[in-house]
Amino acid sequence: MEENEYESLEGVGVLGSMVGGAVAGTAEHIIMYPVDSVKTRMQALKCEKKLSKGIFRNIVNMMKEEGALRPMRGATVVISGSGPAHALYFTWYEQMKKVLAQPKFSRVPEHLGYGFAGATATLFHDAIMTPAEAVKQRMQMCCSKHTRWTSCAQDVYREEGPRAFFRAYTTQLSMSMPFQAIQFATYEFCKKFFNPEGKHDLMSHLLCGAIAGGTAAALTNPLDVCKTLLNTQEPQLLRELNTSRVVGMRSAVSTVYRVAGITGFAKGLSARMMFQAPSTAICWATYETLKHLLALAPKREDKYETLAELSPSNLPVSVNAATSPSITPGSTGDQAAAEKGDQRLLEIITDLPRPLKALEVFDSASSPKSSLKFLDFPPIRTE
C-alpha cells in the first residue's frame with residue numbers, strides 16, 4: 001500500500017481524525033434519519049400499520065398521522081452515540097492505513113488493506129452504536145409508545161435486562177464487518193478512478209461515498225433484516241409465534257425465512273440503499289473536507305524560521321501597527337508606542353517553540369536596518 005501526501009494526514013493527527021469522524025458521523029445519521037425510520041418499518045415482519053410503497057410517501061404519512069416530528073423520533077440517542085463511535089472508527093481506520101503503508105506491507109493489495117482497516121474499525125464503532133441502535137429502532141416502530149429515549153432505555157433494562165442492549169451485537173458485527181470492508185474497499189477504488197491525483201475534491205468524495213454506501217447496503221441487507229428483528233422484538237410477531245423473544249443470529253434467520261420466505265431478506269432494500277448511499281456520501285465528504293481544512297492549518301513553528309523573519313515588515317498587522325511610524329517623532333505617545341512594540345516583539349521571540357540561532361541574533365541586531373533593541377535586565381543575585 002502507498003500513501004500520498006494528502007492522505008498522510010500531515011498536520012492533522014489523531015485529534016483531527018477524531019473531530020472529523022465525530023462531525024461526519026453525526027451529520028450522516030441526522031440528515032438521513034427520516035429515511036432510516038422508514039427503513040426500520042419496512043423491514044418489520046409484522047408491522048401494525050400498512051405501509052406505502054414509496055419511501056417519501058411513508059414519511060409524509062408518518063407526519064400526517066403521528067405528528068410532524070415522528071420521523072425524527074429516536075434521533076437524540078443517535079446523536080449521543082454516533083459522535084464517539086465515528087471518532088474511534090475513523091481514527092482507527094487512519095492509523096491502520098499508516099501501519100499498512102509501511103514497506104513491510106508493500107505486498108498487501110491496496111483494496112484488501114483498506115477493507116481490513118475498515119472491518120477492524122467496526123469493532124470500536126459497533127461497541128458504542130449497538131445499544132444506541134437497540135433503543136433507536138424500538139422508538140422508530142409504529143407500535144412504540146416512547147417519546148424519549150431515556151424512558152425507552154429504562155423500560156428495556158427493567159423488562160429484559162442489560163443484555164437486551166447487546167442482543168444484536170454479534171449479528172451487527174457479522175453485518176457491519178463485511179459492510180465496512182466492502183464500503184472502504186469500494187470507496188478507495190472509486191477514488192483511484194475518479195480522483196487519481198489524490199487531491200481534495202468534494203464532488204469525487206460525494207460520488208465515491210454514494211457508490212460505496214449503496215453497494216455495501218445492497219450486499220448486506222439480509223443481515224440487516226435480522227438485526228432489525230433482534231433489536232425490535234416485534235410484539236405482534238412474538239404473540240403469533242407464541243414465544244417470549246428471538247435471540248441469536250440463527251434464530252433470527254430461521255424466523256425471517258419461516259414468516260416471510262426468501263424474499264423477507266430483501267425487505268427494506270430500496271429504503272436502505274436510499275439511506276446508505278447519500279448518508280455515506282455525506283459522511284465521507286464531511287470527513288475528507290474537515291481533514292483537508294485541518295491539514296491546511298499552518299504550524300506555528302513553521303511560520304517563523306529565523307529571527308530575521310520577525311522584522312516589523314514580516315510581523316502580523318497587530319504587531320506592525322504597534323511599531324509603525326504613524327506616530328510622529330517627539331510626540332507624547334512616541335516613546336510609549338515604541339516600548340509597547342518592543343515588548344510585543346520580545347513576547348513573540350521568547351514564545352517561539354524552536355531555539356533561536358545565536359549568529360542570526362547578532363547579525364540581525366548589528367544590521368543597520370534592524371529595529372531590534374537589547375533590553376537590560378537586572379543582575380541575578382547569587383546569595
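Trainee: Let's start with a cysteine. Is Cys208 buried or exposed?
Mentor: Cys208 is buried, at 0% relative accessibility. Keep in mind as we go that this is a predicted model.

Trainee: Which cysteine sulfur is closest to the one in Cys208?
Mentor: That's the sulfur of Cys190, 4.9 Å away, which is too far for a bond. The cut-off for a disulfide is 2.5 Å between the sulfur atoms.

Trainee: Remind me, what is a disulfide?
Mentor: A covalent bond between the sulfur atoms of two cysteines.

Trainee: Let's zoom out. How many helices and strands are there?
Mentor: The chain has 16 helices and zero strands. It runs to 383 residues, and 44% of them are buried.

Trainee: And what about contacts along the chain?
Mentor: Take the contacts between residues at least 6 apart in sequence: 79% of those join residues at least 24 apart.

Trainee: New topic: aromatics. How many aromatic pairs are there?
Mentor: A search of the whole structure gives seven. One of them is Tyr89 with Phe184: the ring centres are 5.5 Å apart and the planes sit at 55 degrees, so the pair counts as tilted.

Trainee: Where do Tyr89 and Phe184 lie?
Mentor: Tyr89 is in helix α4, residues 75-100, and Phe184 is in helix α7, residues 169-194. The pair therefore ties together parts that are 95 residues apart in sequence.

Trainee: Are those two buried or exposed?
Mentor: Tyr89 is buried, with a relative accessible area of 4%, and Phe184 is buried at 0%. They also belong to one aromatic cluster with Tyr187, Trp284 and Tyr287.

Trainee: What kind of pair do Trp92 and Phe124 form?
Mentor: A tilted one, with 5.0 Å from centre to centre and 45 degrees between the planes. Trp92 lies in helix α4 and Phe124 in helix α5, residues 110-140, so this pair ties together parts 32 residues apart in sequence.

Trainee: How accessible are Trp92 and Phe124?
Mentor: Trp92 is partly exposed at 33%, and Phe124 is partly exposed at 35%.

Trainee: Which residues make the nonpolar surface patch?
Mentor: Met18, Leu88, Trp92, Leu123, Phe124 and Met177, and the patch covers about 470 Å². Helices α4 and α5 each supply at least two of its residues. Leu123, for instance, lies in α5 and is partly exposed, with a relative accessible area of 39%.

Trainee: How much accessible surface does the chain have?
Mentor: About 20,300 Å², and 62% of that belongs to carbon and sulfur atoms.

Methods: Residues are numbered from 1 along each chain as its sequence is written. This is a predicted model: local features need pLDDT of at least 70, side-chain atom pairs count only at pLDDT 80 or more; totals for chains, interfaces and linings use all residues. Side-chain values use heavy atoms; hydrogens and water are left out. Rings of Phe, Tyr and Trp (its six-membered ring) pair if their centres lie within 6.5 Å; planes under 30 degrees apart count as stacked, over 60 as edge-to-face and the rest as tilted. Helices (H or I, at least four residues) and strands (E, at least two) are DSSP runs, numbered from the N terminus. Buried means under 20% relative accessible area, exposed over 50%, partly exposed in between (1.4 Å probe, protein chains only). Patches are made of residues with over 30% relative accessible area and no salt bridge: like charges are joined within 9 Å, nonpolar side chains (Val, Leu, Ile, Met, Phe, Trp, Tyr) within 5 Å. Accessible areas come from the Shrake-Rupley method with a 1.4 Å probe; for residues, only the protein chains shown count as cover. A salt bridge is a side-chain nitrogen of Lys or Arg within 4 Å of a carboxyl oxygen of Asp or Glu. Contact means heavy atoms within 4.5 Å.
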